[in-house]
Amino acid sequence: MADEYLKNYYESYDEDARLLSRHGQPEFLTTVRYVGRYLFPGAKILEIGAASGRYSHYFARLGHEVDAVELMPCNIDKFRKNTLPNEKITIAEGNACDLSFIRSDMYDITLLLGPMYHLYTEEDEKKALSEAIRVTKRGGTVFSAYCMNDPTVIQFCFIKGMIGAEPYKSLVDPVTFKCSSTPSEIFVLHTKAEIDRLMSGFNTERLAFVGTDMFSRYPDMQRVIDEMDDEAFDTYMRYHFSVCEREDLTGVSNHTLDIFKKR
C-alpha cells in the first residue's frame, strides 16, 4: 500500500520543476555545493532514490561516473528521457532498504536524497542508512536528506489551519507537536534529535548538518524569492550559505542534509 501512495504521488508531481523554480533553487544549489566539496576527479557516485535524476544527471554532466537506483518506474522513465548520450550513467529499479545487488565498498560518494522521506519505521530507516553506508568505500562520504518536523507544524498545521482537522489532529502530539506519518501522508518528518539517534549506532563521522532550503519554502518567502532579480537572489544566497549550518537555525529548514564519512 505504501508503494501505491508513492506511485500516485510521483506520477502526478513534477520534481524537476520544484528544483528549477527560483524558490526551489536554494535546495538544489546547496546540495550540489556541499557534494562538490567532497568530489574529486574520477570519483564514483551512487544516488539511491534518484527520482527523475536531477542530481544524478548534474554530476554525470560534470564528467563523473554515476549509478542510480530508483523505486518508482514512472521516475525511471523520466530519468532515462533526461539522459544525454555522453553521460556515464546507469539507472536500476531497486529499494533503498535492500541493495544486495550492489557490492560493498563500491562508491566514493553516496547520495540518499529521497528515501528517508518515505520510510515509516525506524527499522526501515536503519536498513536504508546501513545499505548506503555498506556500499560506500571506507573514507567515502554519504549525504542523507530529511524532511523536518517544525516547518510542517508552522506551514501546514498553523498557516493552513489543519491543526484541528482530522486525520491530522491525531498525528500531532499535543505537547511536543511532533508529527507522525502514515503512508497516506507520504512524507516522514524528523527532528534533529531523532536523526542523531538514528546515526548513533553507525561507525561514521558527521562532517556537516545543513539546512538546504532554510526559509525559502515558507509561503511569503517563496513569493519574495520568485520576484527577486539576479542581484537580489545572489545576495539572498550569500545570506543563506552564511546561516545554513547554524545549529540554532537548521530546524527551520524544510529539508536538511546530514553529511557523514564512513570510517
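**Close-up views of a predicted model**

**View 1. Helix α3 beside helix α4.** In this predicted model, α3 and helix α4, which spans residues 54-61, pack at an angle of about 45°, and their axes lie 12 Å apart. That angle makes α3 oblique to α4, and the crossing of the two helices is right-handed. On the α3 side the contact is made by Glu27, Phe28, Thr31, Val32 and Val35, while α4 contributes Arg54, Tyr55, Tyr58 and Phe59. Divided by class, the residues of this contact of α3 with α4 are six nonpolar, one polar and two charged.

**View 2. Helix α3 beside helix α11.** Helix α3, made up of residues 25-36, also packs with helix α11, made up of residues 230-243, at an angle of about 55° and with the axes 11 Å apart. The helices α3 and α11 are therefore oblique to each other, and their crossing is right-handed. The residues that make the contact are Gln25, Pro26, Leu29, Thr30 and Arg33 from α3, together with Phe233, Tyr236, Met237, His240 and Phe241 from α11. Six of the residues in the contact of α3 with α11 are nonpolar, three are polar and one is charged.

**View 3. The second largest pocket.** The second largest pocket of the model has a volume of about 260 Å³. Its lining consists of 16 residues, and those that lie nearest the centre of the pocket are Glu125, Val188, Leu189, His190 and Glu194. The elements that give two or more residues to this lining are α6, covering 122-134, the strand β6, covering 189-190, and α9, covering 192-199. By class, the lining of the second largest pocket holds six nonpolar, four polar and six charged residues.

**View 4. The peptide bond between Glu166 and Pro167.** Glu166 and Pro167 are joined by a cis peptide bond, for which omega is about 10°.

**View 5. The backbone at Ala51.** Although Ala51 is not a glycine, this residue has a positive phi of about 55°. Ala51 is found in the loop between β1, residues 44-48, and α4, the helix that View 1 shows packed with α3 at an angle of about 45°.

Note on methods: Residues numbered from 1 in each chain as written. Predicted model: local features only at pLDDT ≥ 70, side-chain atom pairs only at ≥ 80, totals over all residues. Heavy atoms only, no water. 1 Å grid on protein atoms, 1.4 Å probe; cavity = no way out; pocket = protein on both sides within 12 Å on 5 of 7 lines; lining within 4 Å. Points joined across faces, edges and corners; volume = space filled by probe spheres on them. Helix = DSSP H or I, 4+ residues; strand = E, 2+ residues; numbered from the N terminus. Nonpolar A, V, L, I, M, F, W, Y, C, P; charged D, E, K, R; others polar. Axes fitted to C-alpha atoms, helices over the stretch in contact; angles between N-to-C directions. Parallel < 35°, antiparallel > 145°, perpendicular 65-115°, else oblique. Left-handed = near helix turned anticlockwise from the far one by under 90°. Contact = heavy atoms within 4.5 Å.
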